[in-house]
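The sequence and structure are shown first.

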2 protein chains.
Amino acid sequence: MSSGADMPIGIFDSGVGGLTVLHALREQLPKEDLIYLGDTARVPYGTKSPESVQRYAAHAAVWLTERGIKLLVVACNTASAVALDVLRRDLAPLPVIGVIEPGAAAAVAHSAAQRHLVLATEGTAARGAYTEAIRSLNKSATVEELGCSMFVAVAEEGWGGDPIATAVAEKYLASYRSRPASERPDTAILGCTHFPLVSDAIATALGPDITIVDSASTTAKAVAAELDARNLAASGDRTGSVRLVATDSAARFARVGSAFLGEPCTESDIELTDIHPLGGAADRTGA
Amino acid sequence: MSSGADMPIGIFDSGVGGLTVLHALREQLPKEDLIYLGDTARVPYGTKSPESVQRYAAHAAVWLTERGIKLLVVACNTASAVALDVLRRDLAPLPVIGVIEPGAAAAVAHSAAQRHLVLATEGTAARGAYTEAIRSLNKSATVEELGCSMFVAVAEEGWGGDPIATAVAEKYLASYRSRPASERPDTAILGCTHFPLVSDAIATALGPDITIVDSASTTAKAVAAELDARNLAASGDRTGSVRLVATDSAARFARVGSAFLGEPCTESDIELTDIHPLGGAADRTGA
């Protein structure tokens, strides 16, 4: 039986996007063992009802907790927005960390003007979870949320460094850069786990006066702080392991995931599993 | 009780993409009444298992046939590839037309060199259904299938006429244009219902020597021929009606769908329904 500090951290996302959070965790917490579960059979979550996403998140959490984890990271903006409270209640005392609160907190901490721009998928932007999280920290903050779904396609195609990424960013963002300084946002939150892969293009389009807040690295920092506070950080002279698990399409997961993870991975690195508690994914078995 | 010719044509897709087929039907068969069902609750189909897609297609077909249709159009490449045979068997004698066979037949008919390029989503390209359909018509044809998923995002964002569409097409397709004439494809099939919205950019990138085959308009021609052959075409001095039905997210369907349909539509134009025969969409009710 392993003690708490020796147990892995569980990370859960609807697909490959959360691998940017895994990557940030690897950089900041290289001693930690990590298990990543991507629910690729049911991606995307953004267009599903909150009830469905809560159920999917519960299945993923059960699958991960059954394997023994010391902390759960919800590395998916949609699931963080609609399922975090339920997961915290159901999994207590297991610490559960989402991607929205750390990004919102970092933005508020770094912003002089408290004018925030949230870049997200259409679904996340429409839901307004970042606005709520920022306002709960600073009631007078101004928050604009912009749906930029094309960045997801650019990231998944591996074109983050291509001039097309620059052109897409320019089209979405040039109007913010050209505003008078007194109306211009001074922080931009990458409110989608795919967006760190296009952050250079985003930074160029927004200009030098806006701080980019990457919710992947801020989430990793929040995880590090939580482990320290609970005395659960891995210690000693060790290098953490990574276990990658998907619910469908291991080949695509490996190919697209390599860029997100920042290191090569192949189909044989990916385990396939079925996280539905009744033994069949709902969208496979129907009924 | 209406006679066969007075009944509507049913059109089914996983989302909004098939509206390009609806648009082509409206242009070519303006007297026909049309019912379009977009299964937006379960989009995309391309990443789902064949068994799931067959089941979803069966639900959609049941929903449409219960409303009384004289012909079913499967305006979805994934469903056409994996579910058409089953639907034809189960719905006989109702005529069922998919999008792959008409596109393949038109390409073979128009190609002198019989060198075909199929542009599709990653899932469709990997499945090779166009290659199979073309080879069944011409065993010596050369077929290449290219996954171009970014075109879907460009189309859905409404950027088909933007320089970004041109840049994306150039990145995917410039290498075909620059081949020696003897190795260059002479037809390009738009093997995704989204792609008619980026066809100008595709045509520019491929150059003037390649014929673009639009599977939306070729499918509409196949429907017209089938109705004539069965003596089921609407007649008289009338203008057909259009009924739009979605299984989720009417607001997004209306907004994105307007561009696909080529005419404005608003949320109030869209009916919401649940096509699952047990009264709940599988990915909503779980179990």
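The model is predicted. Helix α8 (residues 163–177) of chain A and α8(B) have axes that come within 10 Å and cross at roughly 165°. Because angles over 145 degrees count as roughly antiparallel, α8(A) is roughly antiparallel to α8(B). The crossing of the two helices, α8(A) and α8(B), is left-handed. In the contact, A:P163, A:I164, A:A167, A:V168 and A:K171 of α8(A) meet B:P163, B:I164, B:A167, B:V168 and B:K171 of α8(B). The residues of this contact comprise 8 nonpolar, no polar and 2 charged.

In chain B, helix α9 (residues 199–206) has B:S199, B:A201, B:I202, B:A205 and B:L206 buried. These residues lie on the same side of α9(B), because they cover an arc of only 160° around the axis. The elements below are among those that cover the buried residues of α9(B).

| Covering element | Residues in chain B |
|---|---|
| β5 | 115–120 |
| α8 | 163–177 |
| β7 | 187–190 |
| β8 | 211–214 |

Just after α9(B), B:G207 adopts a positive phi of about 90°.

Helix α2 (residues 50–66) of chain B contains B:A57. B:A57 is buried because 27 other C-beta atoms lie within 10 Å. Leaving aside residues up to four places away in sequence, B:A57 touches B:V74, B:A79, B:A83 and B:L87. The C-alpha atoms of B:A57 and B:V82 are separated by 9.5 Å, with the two residues 25 residues apart along the chain.

Conventions: Residues are numbered from 1 along each chain as its sequence is written. Chains are lettered from A and ligands numbered from 1 in the order in which they are written. This is a predicted model: local features need pLDDT of at least 70, side-chain atom pairs count only at pLDDT 80 or more; totals for chains, interfaces and linings use all residues. A residue is buried if 20 or more other C-beta atoms lie within 10 Å of its own, exposed if 12 or fewer, and partly exposed in between; C-beta atoms are placed from the backbone. Helices (H or I, at least four residues) and strands (E, at least two) are DSSP runs, numbered from the N terminus. The arc is that of the directions from the helix axis to the C-beta atoms. Two residues are in contact if their C-beta atoms, placed from the backbone, lie within 7 Å. Axes are lines fitted to C-alpha atoms, for helices over the stretch in contact, and angles run from 0 to 180 degrees between N-to-C directions. Angles under 35 degrees count as roughly parallel, over 145 as roughly antiparallel, 65 to 115 as roughly perpendicular and the rest as oblique. A crossing is left-handed if the near helix is turned anticlockwise from the far one by less than a right angle, and right-handed if clockwise. Ala, Val, Leu, Ile, Met, Phe, Trp, Tyr, Cys and Pro count as nonpolar, Asp, Glu, Lys and Arg as charged, and the others, Gly among them, as polar.
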